[in-house]
Amino acid sequence: AAIKTYQFDIQVANVSRLCHAKPIVTVNGMYPGPTIYVREGDRLQINVTNHAQYNMSIHWHGLKQYRNGWADGPAYITQCPIQTGNNYVYDFNVTGQRGTLWWHAHILWLRATVYGAIVIMPQQGTPFPFPQPDREEVLLLGEWWNADVEAVEKQGNMLGLPPNSSDAHTINGKAGPLFPCSEKHTFAMEVEKGKTYLLRIINSALNDELFFGIAGHKMTVVEIDAVYTKPFTTSSLLIAPGQTTNVIVRADQIPGRYFMSARVFMDAPLAVDNKTATAIFQYKGIPTTVLPSLSQLPALNDSSFALGYNKKLRSLNSQKYPANVPLKVDRHLFYTIGLGMNSCPTCLNGTRLTASLNNISFVMPQTALLQAHYLNKKGVFTTDFPDRPQTTFNYTGAPLTANLKTNTGTRISKIAFNSTVELVLQDTNLLTVESHPFHLHGYNFFVVGTGIGNFDQKKDPAKYNLIDPPERNTVGVPTGGWTAIRFRADNPGVWFFHCHLELHTGWGLKTAFVVENGPGPDHSVLPPPKDLPAC
Ligand code: C2O
C-alpha cells in the first residue's frame, strides 16, 4: 500500500459569479477544491494548513475511519478546529472502500465553498463490476450565494428565521448560461460519439436535494455512496446533500450540445425553483455557437418520481460484493424529526426555529466529544439520549403545538461494540413536513425500508428488504414519511449523526453515537495523533 500525501492550504480567494465578486474561503485557492485520487488500501496524509481568519476542520465524508475518529473531522465532535495559523495532518487508511466520496469543511457554513471530490480507485487488477468506461469525470453539484455565506448564516441565527436561500445551483462551481454574467462560468465536458463515460456525481449543496439529467441521454446508475449497485437506467436521478451517484453514459446521440442540469427537488410547502444549474455535454467538433438542447427533469415537487427512484436502488449483492445486512437486531431505535420554536434571548424577536430528534435539539459542546470520551472526561456530554420519543402522537397528522417546544442538551446514545442497530427515522408534521437527508459518520448502513405516513411497528418490518437493500452513508427521510436503517456497530468511537441540510444541522437536528471499545486493543479507539488541535 502506498502513502499519498496532499497539502491543503486554507486560504481566501476572490471569485466572481452571477455578476458578484467576493472573497471566499478555499483550499489552495480553488473553487471547488482539489480532487483527491487514492487507491483502495492506500494511506492518505492530508496536511491542512489554515491561513484563513476562520477556524477550520475538514471531514472526509463517507470514509469509515476505522478506530480512527481523530481523522473524521467534524468540529467539536471528533476534534477541536484548526485555528488560524495552525495545521493538522489527517492521517488515515482507505480500507475496504472504493468509489466516489467527497470532503468538505465541517464547521459553520464554510462547506459552501470548501469542498471537493475523493476518487477511490479499486485495487490494482480489480476491474469495476461494469464495463470499463472510456473516460471519467467528476461533477460536483453545489450552491452559490451572492452574499457572504457566513453573513447569511449569522443573519439566520440573529433573526431566528431561515436565512436567505442561495442564488444559484452550480456544477463544478459554475452556474451555467441561464444566469447573468455566467456564460463564461459554464462547465463543459467534451465527449466523442460512441464512447462511454463514468460520471461521479456528488451533491455538495448546503440545503437542496437535486434532480440531475442530461438532455437526450440515458444514464445507468452503477454506484451510490461508494457502494456498487444493481445497474438500472434512468433519464433523471435524485441526489440528496451528502450523497454521491456514479452513472455510465454513452455518447450515443446525434453529435451536438446537450445541457446537463441540476435542479431542486422540494415537495415541502412553499418550495420555489429559480436556481437550475446547467453545464454542457459537448460532442467533439460541434461549434460552441450551437444552442444546447434542454433536459427534461421531473417536476419540482414530484414525490412519486422520488419514491420510485429510491426503490430502484439496490446493493449489487454479488459474491464479490455481498450485502451483509444484519438480520437480527440487538438495539431498536426510533427517532422523530421535528422542527419547532424555542426561546432565544439573543434573537431579534426572542424566539428561533429549532430542529430536534426525539424533541431534543443538540447543543454543540466546547470541546470535542471524542477527546472527552477517550480521556473519560465528565461533564461534556450525557449518554441519555432516549431510544424512542417521550410521547407518541400522530406524527404526520395535524401538528400539535404542544410539541413545538423542544429540550436542549449534548445528549448522545451509547452503543455496545459489535451490536446490531436498527434506527427508524420518522418525519413529523411539527411546523411542517420536509425531507431530511441523514448522514452517519464512521459507517455505512443498509436502508431496509421506507414509507409515507407513520411507521407501523406491526406491519412495516415485514416489508423490509433484507436481501439487497441499498448500502450508503446518507439517506433521505421522505417528507411526511419514515426510513429504517440497520448497521453493525463495529467501529468504536464517537460518530456524528445529523441532517445534511446545513440549515437544519445548525438548528440542532443532530446527535452522536458513542460506540464502546470492543475486546482487546485491536477493537479500541486508536491513541490520538500528537498534532490533534486543542480547543
Ligand atoms: Cu458530509 Cu457530518 O457531514
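**Figure 1. The largest nonpolar core.** This core has 142 residues. Those with the most contacts inside it are V48, L141, L210, V247, I485, W495 and A512. Strand β18 (residues 257–265) gives the largest share, 6 residues. A nonpolar core is a set of buried Ala, Val, Leu, Ile, Met, Phe, Trp, Tyr and Cys residues joined through C-beta atoms within 7 Å. Buried means that 20 or more other C-beta atoms lie within 10 Å of a residue's own, with C-beta atoms placed from the backbone. Strands are DSSP runs (E, at least two residues), numbered from the N terminus. The model is predicted: local features need pLDDT of at least 70, side-chain atom pairs count only at pLDDT 80 or more, and totals for chains, interfaces and linings use all residues. Numbering starts from 1 along each chain as its sequence is written.

**Figure 2. Around I485.** I485 touches L423, F445, F446, V447, V448 and V475, leaving out residues up to four places away in sequence. Contact means C-beta atoms, placed from the backbone, within 7 Å.

**Figure 3. Where domain 1 meets domain 3.** The protein chain is divided into domain 1 (1–126), domain 2 (130–315) and domain 3 (331–523). These bounds come from an automatic or database domain assignment. The contact takes 15 residues from domain 1 and 18 residues from domain 3. On the domain 1 side, 7 are nonpolar, 5 polar and 3 charged. Here Ala, Val, Leu, Ile, Met, Phe, Trp, Tyr, Cys and Pro count as nonpolar, Asp, Glu, Lys and Arg as charged, and the others, Gly among them, as polar. The C-alpha centres of domain 1 and domain 3 lie 25 Å apart.

**Figure 4. Model scores.** The model has ipTM 0.99 and pTM 0.97.

Definitions and conventions: Two residues are in contact if their C-beta atoms, placed from the backbone, lie within 7 Å. A residue is buried if 20 or more other C-beta atoms lie within 10 Å of its own, exposed if 12 or fewer, and partly exposed in between; C-beta atoms are placed from the backbone. Helices (H or I, at least four residues) and strands (E, at least two) are DSSP runs, numbered from the N terminus.
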